[in-house]
Number of protein chains: 2
Amino acid sequence: MTKLYAGVDLGGTSMIAVVADRRGKVRGESGTYTLRDAKPADVIDQVADQIRTACKKASVKPSALESIGVGAPGAVEGAMVVRAPNLKWTNVPMGSVLSKRFRVPVALGNDVQVAILGEHSFGAAKGTNRAVGIWVGTGIGGGLIINGTLYTGSRGAAGEIGHMAVSDAGPLCPCGRNGCVEAFASRTSMERRVREAIALGRESVVPDIMRQKEKDRMTSSVIARALKADDAVMKEVFASAQHYLGLLAGNIVNLLDPEVIVIGGGIAQRLGDSFVAPIRETAQSRYLRPDPKGEIRIVPAALGDHSGALGASMLARKS
Amino acid sequence: MTKLYAGVDLGGTSMIAVVADRRGKVRGESGTYTLRDAKPADVIDQVADQIRTACKKASVKPSALESIGVGAPGAVEGAMVVRAPNLKWTNVPMGSVLSKRFRVPVALGNDVQVAILGEHSFGAAKGTNRAVGIWVGTGIGGGLIINGTLYTGSRGAAGEIGHMAVSDAGPLCPCGRNGCVEAFASRTSMERRVREAIALGRESVVPDIMRQKEKDRMTSSVIARALKADDAVMKEVFASAQHYLGLLAGNIVNLLDPEVIVIGGGIAQRLGDSFVAPIRETAQSRYLRPDPKGEIRIVPAALGDHSGALGASMLARKS
């Protein structure tokens, strides 16, 4: 019988669970919005529900799963989510709770790290030994594949790509520092910069689009619509974000000389190579060793919103 | 009988050859200034002479060496020095020439990569799995140890740390770009910035010290003397270099979460922790994951001017 694995991508806004085989074929999936301001136990119940629903769609009993993996938006140690600011969690033993409930092995990982693991296992970084993921969303996260496996560093703190300085000044980052690429190029920072431009008297259709779409945040779909409408403020802010992401990608190439940099997250998913191409161009202009043959690929993630859940399904898998 | 290995650190200015045992104990050494504007064959003759002299001092026949390794200041592929700007070399088959001459296996490496290999084998990064070297000299080079071995990337181009952008503006780098850490913090860039300050009418004792020491360049010893004399321009330029090196080191920690960052090169060798401490302080201020226990060390190289030659002696060694 085909072995099946569950993987969950747990985010601050929404979660997706998949049941997949060892080749990353999704047999069943389920998703929902993450409860806001709920107790950790209630969110873990949601996760368990999504796993059960995905199992049902895949026609497998949860107890017949080989393993469950969950990517959480924060720092993870063993079966514990140590810190997840977007969930307001500290030291939540999600792994133990789920493994008791389902009686199968459960492993946890960081959300961006499992996303790059997913892309490495089944997507844009498949078959590579050296890959770097840059995930652009509320913040900017990263993940590294080195020697063909996930690289997490000495303290499990590797891949904090969003807080690499690409400027010696620049706007204040949510982390409290200046110059972080996240302060220029996360979705949140782009929204802040658009609001600042409007506050200074610039005209922009962004607020209208947000009202039309009934969004209280500048989501990827709002960004896409504003760009399509040729909104000057949005175009400037977007180009600036791409510029700084290009410096970041160039820095990573000069340091690590990887085979591929995968750009993921909502904006990359929605806009694909029209988001990534200018990033690639800036990055290439920074390579100390030129790459005329295009050996280093800088590409959008290939698995859409499944990168994280499929990567998570790899976590508890025995190789 | 103890197995002995030769290692050569070949630089644009000078070269050092050592004969060492497997524990990195130097049994014999020899050094000289590198011929300027000479044919590659003449410089290779110099290298061979230094190896012979080091062998003599170690009381071993060159033919009895287990192997020879050479670190060259540029890009290396197999037995070929592909490009070495400071030597004005292109495609020089130094490895083949030396192995024919000595009839022992010869391996080549990049000078900074062998230096971090030396520090990893016998010095400040000994026993670590994840170490990064930042070598500050004429330029700024880097080397990475990942999973306990030298990491050179997909095209052998990893570790070009000097050309990571830490600013979105800043002075022009010799590489033709702006914002590279090398443009702020190499010895050459520091010298350029001191000269610029003087040209703008600032007073500085640096030119006097250079005359006294009969140096046509602002060497490490000139820098050390000017700092001791409390020269305001030198202090500013030096502090700025340390600031940008701190941003660089912080970026590397946020990306790679290494156990140790080793700062090497002439300035670090001469000034030790008085050079490194402010770099460490700035880096620590940038860590997204704080390091209250000081798990991540940022330290000067420990092997003095032997890092490169001892690392080179490791190159051709069978493990």
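**Exercises on a predicted two-chain model**

Helix α1 (residues 40-57) of chain B lies across β1, β2, β3 and β4 (67-72) of chain B, and makes an angle of about 150° with β3(B). Contact here is C-beta atoms, placed from the backbone, within 7 Å; axes are lines fitted to C-alpha atoms, for helices over the stretch in contact, and angles run from 0 to 180 degrees between N-to-C directions. Helices (H or I, at least four residues) and strands (E, at least two) are DSSP runs, numbered from the N terminus.

Some housekeeping: this is a predicted model, where local features need pLDDT of at least 70 and side-chain atom pairs count only at pLDDT 80 or more, while totals for chains, interfaces and linings use all residues. Residues are numbered from 1 along each chain as its sequence is written, with chains lettered from A and ligands numbered from 1 in the order in which they are written.

**Exercise 1.** Work out the strand order of the open five-stranded sheet in chain B.

Step 1. Start with β1 (residues 5-10) and β2 (residues 14-20) of chain B, which pair antiparallel over six bridges; strands pair if DSSP finds at least two bridges between them. A hairpin of three residues links β1(B) to β2(B), and B:G7 has B:V18 as its bridge partner in β2(B).

Step 2. Move on to β3(B), which runs antiparallel to β2(B) and is joined to β2(B) by seven bridges. B:A20 is bridged to B:V26 in β3(B). This hairpin has five residues between its strands, and B:G24 in the turn shows a positive phi of about 85°.

Step 3. The edges, pairing on one side only, are β3 (26-33) and β8 (106-110) of chain B. On average, neighbouring strands are turned by 15° against each other, direction ignored.

**Exercise 2.** Decide why β2(B) counts as largely enclosed.

Step 1. Use the cut-offs: a residue is buried with 20 or more other C-beta atoms within 10 Å of its own, exposed with 12 or fewer, and partly exposed in between, C-beta atoms again being placed from the backbone.

Step 2. Six of the seven residues of β2(B) are buried, so the strand is largely enclosed by the rest of the structure.

Step 3. B:S285 counts as partly exposed because it has 13 C-beta neighbours inside 10 Å.

**Exercise 3.** Describe how domain 1 of chain A meets domain 2 of chain A.

Step 1. Get the bounds, which come from an automatic or database domain assignment: domain 1 is 5-118 + 307-315 and domain 2 is 127-302 in chain A. Their C-alpha centres lie 26 Å apart.

Step 2. Count the contacts: nine residues of domain 1 of chain A touch 15 residues of domain 2 of chain A.

Step 3. Find the contributors. On the domain 1 side, β5 (75-77) and α3 (111-122) of chain A each give two or more residues, and α3(A) has the largest share, with five.

**Exercise 4.** Find how many residues each chain brings to the contact between chains A and B.

Step 1. Count both sides: 32 residues come from chain B and 32 residues from chain A.

Step 2. Look for the main element on the chain B side: helix α8 (residues 232-256) of chain B gives the most, six residues.

Notes:
Contact = placed C-beta atoms within 7 Å.
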